[in-house]
Amino acid sequence: MAGAEIAFAHRSGAVAAATRRPPPTYEQARAARNDVVATSDQCNGEGCLQRSLATVMLCRLRGRWPTWCTGVRTHPFSAHAWVQAGDRPVDEPHPDQYYRPLLTVTPILKASAGRRDHLGLQRPRFAPCRKLAAALRTRP
């Protein structure tokens with residue numbers, strides 16, 4: 001039944017509306033991270049993936065959407081997941097550019113006006129492609 005609920009949420013635009021949340025301040029994201037670390041032994045210490053995902057979900061429950069990142073370092077190789085408030089990593093022991101981000105999930109701050117898809121998100125306009133297609137159709 002969960003699949004049907006997810007499909008309904010996508011069709012109804014509930015997912016798009018839910019993702020347009022303001023990002024947290026550094027203090028709000030830090031408070032969420034501290035709450036996660038204080039209540040979960042698995043998230044305290046070396047569990048960066050669990051900790052970062054739990055922090056993101058707790059921020060979401062509080063009405064905010066932080067930036068979630070995963071990245072690597074090559075010498076020596078190491079992978080890491082973390083949460084950012086703005087461009088600042090939240091309570092990370094490493095310098096800001098220690099890991100190179102590979103995947104970053106940012107908040108959708110504001111949908112712009114114009115055409116929308118089934119999620120209520122902005123659809124790109126392909127006017128040059130349409131003009132080219134029209135020109136190609138009129139050729140002999």
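**Sheet, core and a buried serine in a predicted model**

The mean pLDDT of the protein is 77, and 63% of its residues reach 70 or more; pLDDT is the predictor's confidence in each residue, from 0 to 100. Over residues 1-12 the pLDDT is below 50, and this stretch has 6 contacts in the model beyond near neighbours in sequence, where contact means heavy atoms within 4.5 Å. Residues 14-18 also stay under 50, with 6 contacts beyond four places in sequence. This is a predicted model, in which local features need pLDDT of at least 70 and side-chain atom pairs count only at pLDDT 80 or more, while totals for chains, interfaces and linings use all residues. Residues are numbered from 1 along each chain as its sequence is written, and side-chain values use heavy atoms, with hydrogens and water left out.

Turning to the sheet, 4 strands form an open, antiparallel arrangement in the order 3-2-1-4. Helices (H or I, at least four residues) and strands (E, at least two) are DSSP runs numbered from the N terminus, and two strands pair if DSSP finds at least two bridges between them. Strand 3 (88-89) and strand 4 (100-105) stand at the edges with a single partner strand each, so one side of each has no neighbour in the sheet. Strand 1 (residues 67-74) pairs with strand 2 in the antiparallel sense over 8 bridges, and Gly71 stands opposite His80 in strand 2. Helix 4 packs on the sheet, where it touches strand 1 and strand 2, and its direction makes about 15 degrees with that of strand 2. Such angles run from 0 to 180 degrees between N-to-C directions, with axes as lines fitted to C-alpha atoms, for helices over the stretch in contact.

Ser52 has its place in helix 4 and is buried, with a relative accessible area of 4% (buried means under 20%, exposed over 50%, partly exposed in between; 1.4 Å probe, protein chains only). The Ser52 side chain makes a polar contact with that of Trp68 at 2.9 Å. A polar contact is a pair of N or O atoms within 3.5 Å; within protein, one must be able to donate a hydrogen and the other to accept it, and residues adjacent in sequence count only if both atoms are side-chain atoms.

The largest nonpolar core has 10 residues, among them Tyr26, Trp68 and Val83. Such a core is a set of buried Ala, Val, Leu, Ile, Met, Phe, Trp, Tyr and Cys residues joined through side-chain atoms within 4.5 Å. Helix 3 (26-39), helix 4 (48-61) and strand 2 (77-85) each supply at least two of its residues.
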